Amino acid sequence: MSIHENIAAIEKQLQHTHCQLIAVTKTKPVEMLKEAYDAGCKQFGENRVQEMQDKQPLLPSDIQWHLIGHLQTNKVKYIAPFVALIHSVDSLKLLEEIDKQAAKNNRTIKCLLQLFIAQEETKFGLSFEEAEELISSGSIENLKHIQIVGLMGMATFTEDQNQVRQEFRSLKQFFEKLKNTSLPTNVRMQELSMGMSGDYEIAIEEGSTLIRVGSAIFGNR
Ligand SMILES: *Cc1c(COP(=O)(O)O)cnc(C)c1O
């Protein structure tokens, strides 16, 4: 199947849902991104700052660039002029740096808090408790150039669909819980970024608003 056909098939599954497709283009050459763009895709996800920074000037300016991988504070400045949404925020220190660089660029940068929901060893993501602490700490309201618009999470890489579903469901429940509490003015629960090539169908059923799909569009990396 071609990139065009793969995108069309996924878009068809997204009809009548509130979920949008982000095409994950990491490691793929610019020609393939152009093909995806021509197939109607305007939202691209990259996990490395350098790669996103290299590709962005080579592609149409109406593309929304999503940073989905771990972000080091010293690299925020390279993407601050153009990034549409940073999915991988997991510390106040990082939020402060994004705020600073957004201010320098006279813009507000949208962010998601990355939550740790998988039964796997990983260094990245906040626990539910840590996320609640961060949001209620009083520190976020002062950051005038960021907006936290939701949450992101990755399920365990497993064949056990039930486990994956439970993990997505727990994130959705936390999202709804936060939605119903009083939040700082620059925090709102609007986007729920969950689902990749292997599990996006389950994620859609469990309330995802942004699926991040790479290999199901572009082939294996
Ligand atoms: C690579 C990546 C994806 C897409 O993975 P596929 O399995 O190729 O769809 C989604 N989210 C993150 C954070 C990634 O790093």
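Predicted model: local features only at pLDDT ≥ 70, side-chain atom pairs only at ≥ 80, totals over all residues.
A crossing of two helices is called right-handed if the near helix is turned clockwise from the far one by less than a right angle.

**Helix 6 and helix 7**
- Helix 6 covers residues 128–136 and helix 7 covers residues 161–179; their axes come within 12 Å and cross at roughly 20°.
- Because the angle is under 35 degrees, helix 6 counts as roughly parallel to helix 7.
- On the helix 6 side, the contact is made by Phe128, Ala131, Glu132 and Ile135, and on the helix 7 side by Ser170, Leu171, Phe174, Lys177 and Leu178.
- Six of these contact residues are nonpolar, one is polar and two are charged.

**Helix 1 and helix 2**
- Helix 1 (residues 3–14) packs with helix 2 (residues 30–38) at an angle of about 45°, and their axes are 9 Å apart.
- The two helices, helix 1 and helix 2, are therefore oblique to each other, and their crossing is right-handed.
- Ile3, His4 and Ile7 of helix 1 meet Met32, Glu35, Ala36 and Asp38 of helix 2.
- This contact is made up of four nonpolar residues, one polar and two charged.

**Around the ligand**
- The residues around the ligand include Val24, Ile68, Met154, Met196 and Val213.
- Lys26 has a polar side-chain atom 2.7 Å from an oxygen atom of the ligand.
- For Arg221, a polar side-chain atom lies 2.8 Å from an oxygen atom of the ligand.
- Gly214 takes part through its backbone, with a polar atom 2.8 Å from an oxygen atom of the ligand.

How values were computed. Residues numbered from 1 in each chain as written. Heavy atoms only, no water. Axes fitted to C-alpha atoms, helices over the stretch in contact; angles between N-to-C directions. Helix = DSSP H or I, 4+ residues; strand = E, 2+ residues; numbered from the N terminus. Parallel < 35°, antiparallel > 145°, perpendicular 65-115°, else oblique. Contact = heavy atoms within 4.5 Å. Nonpolar A, V, L, I, M, F, W, Y, C, P; charged D, E, K, R; others polar. Near = heavy atom within 4 Å. Polar contact = N/O pair within 3.5 Å; in protein donor to acceptor, adjacent residues only side chain to side chain.
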